[in-house]
Amino acid sequence: MARTKNGMLVSAGTLDQQNGDTTRMESIRRGKRVRHEHENHQSDSHSNDLENETRDMGENFCDKKTRGPTYMARVWVRRSRKEVEFNELGQAIGPNKSEYVEFIGTLVRNGKLVPLNMKDWHNVPKPLKSKLLELVKEKFCDAPNFEKHTMMNLAKSWRNWKNRVKKKYFDEKLSLEQNMRKRPDADDERVFPDQWKDFVLYWSSDAAKKISDKNKANRKKKTIDHITGKRSFAQVRENMKKELLTSQEVEYDDEITDDERDVDELRNDNEPTRMDLFAKCYTKNGETSNPDIADYLRKMKELVSGLPPGAKDTGPNDIFSQVAGQDKGGRVKMYGKGVTASIVYGDLPRQGKYSHTYMGNKNEFEAMKQRLDQQDKLIMEQSKQIQELIKMNKQRLAPEATKAVSVSSSHDHSISRRPSVSSSSMMPLRVGVKVSMRSLVESSKTVAIGYIRSLDPLKEVGQMRLGQNWCEVHINVGVEPEEKLLRPVYHFKTIGEVTGMTVAWPQYLVIMDA
């Protein structure tokens, strides 16, 4: 056959329709047996090897019997087309995904359709790529993202095929001539002799050896491997989403009807995080014998325990990226091939290395905003409770005040020299002054002594803003250690546990000392 400068065969063979395709495969297999018989007359030693290793009907020549190459004959003879499901990220999922991907593999492993001796997928002519796409569309229904995902799978499957051929037949320890004399076509009819020679020439070059050494060095750095087998990360993620959705529906089954349930909202709220995907794809029920994977999981769990209430583990600066490293080259780890940062996180700013920092800060801000909204609701509820308690105290103290007015004048003179309320308590609070903290239930009881640290409503104490009519008090002495805090500080709940720390306390229950 004639060849172009880039090494491609000028007259690439095409596949006929269903019945013709089946006939061609049979003729290829018969041609292989004829070629074997012809080679037997050329070399006795080679003939003896073939006689010992030959298998019927296109099976591979190897030491043990195998099933042989995959031709997907059932797909070629099928007259109807199957539908392939794609997720929201444009990845193939569902029951027909495996057949779709395997069929693509049979196309690129055919030397008549895609020459093996092309240096790169970008060198494959566009008309040839279009022909491959049309062949796939003949067997599978077109859909959104179908062409993009199909071309991506064609490229990946072709690269994998080249790697398989090199690993099986190319020996770096042998000379160029020795590798040239090899006949992979005797073992696999999909490898053409003239393409094999160009293949050997390229892999024997210094440039190819340099690339190979670099790739080998990078591969040795990888210490963890997933255990999903043929299942893609996209399929694992879809299965996890369905499990989470099912559990959510069971939880709310008694509360709302099917008509009231927003399935899309439930699915979005139950999106598995990259940390969840990592645990699912790299461990078996959370257990692993790989120390690196175990160390990753341990660090992730530590970071989870430090998340503030209401925060979501999302974005490029999530817990997974903090442990496993930031994404590189536009690829988003744990999402599978074809998924970029812009698809998952939206449009990122074009500041290169600062984009991840920007998105991380943005997600932290959103989490903080959500937390502050929850705090505002809590503050409003507490303010209502405080107002009710004030009213109750006034009602309780009113009879005592009336009784005090009816006392004799002699007693009035003695009482006037003992003011019931200190004048300092009526003065406005100031930062730095010594104060007594009173009980919410019994306002006359002192529960702690300290000094005011802040009156700023926006100041955060225990991951919660102070809000109006509250102040930050540093406790020096806990008078009532068992007194409950009005707002928990982290996991502390009593005065005794926060002595030496700052707490939030209502201003009307904080009295300045004289």
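User: How should I read the accessibility of Y202, as buried or partly exposed?

Analyst: Burial is judged with a 1.4 Å probe on the protein chains only, where under 20% relative accessible area is buried, over 50% is exposed, and anything in between is partly exposed. Y202, at 25% relative accessibility, therefore counts as partly exposed, whereas W203, with a relative accessible area of 14%, is buried. This is a predicted model, in which local features need pLDDT of at least 70 and side-chain atom pairs 80 or more, while totals for chains, interfaces and linings use all residues. Residues are numbered from 1 along each chain as its sequence is written, and side-chain values use heavy atoms, with hydrogens and water left out.

User: How many aromatic pairs does the count give?

Analyst: Rings of Phe, Tyr and Trp (its six-membered ring) pair if their centres lie within 6.5 Å, and planes under 30 degrees apart are stacked, over 60 edge-to-face, and the rest tilted. The count comes to 15 aromatic pairs. Among them is the edge-to-face pair of Y202 and W203, at 5.4 Å centre to centre with 70° between the planes.

User: Why is the pair of F278 and Y296 classed as tilted?

Analyst: The ring centres of F278 and Y296 are 5.9 Å apart and their planes lie at 40°, so the pair is tilted. This pair links distant parts of the chain, 18 residues apart, with F278 in helix α12 (residues 274-282) and Y296 in helix α13 (residues 291-305). F278 is buried at 1% relative accessibility, while Y296, at 23%, is partly exposed.

User: Which residues do ring pairs link into a cluster, and where does R78 lie?

Analyst: The cluster that ring pairs form is made up of W76, F86, Y100, F103, F140 and F146. A charge sits over a ring if NZ of Lys or CZ of Arg is within 6 Å of the ring centre and within 35 degrees of the ring normal. R78 lies over the face of F140, at 5.3 Å from the ring centre, and the charged end of R487 sits over the ring of W470, 3.8 Å from its centre.

User: Which residues line the largest cavity?

Analyst: A cavity is a set of points on a 1 Å grid where a 1.4 Å probe fits but cannot get out, and lining residues have an atom within 4 Å of a point. The largest cavity has a volume of about 30 Å³, and its lining consists of V461, G462, R487, P488, V489 and A504. Strand β6 (residues 484-489) gives the largest share of that lining, 3 residues.

Technical notes:
On a 1 Å grid over the protein atoms alone, a cavity is a set of points where a 1.4 Å probe fits but cannot get out, and a pocket is an open set with protein on both sides within 12 Å along at least five of seven lines; lining residues have an atom within 4 Å of a point. Grid points are joined across faces, edges and corners, and a volume is the space filled by probe spheres set on the points. Helices (H or I, at least four residues) and strands (E, at least two) are DSSP runs, numbered from the N terminus.
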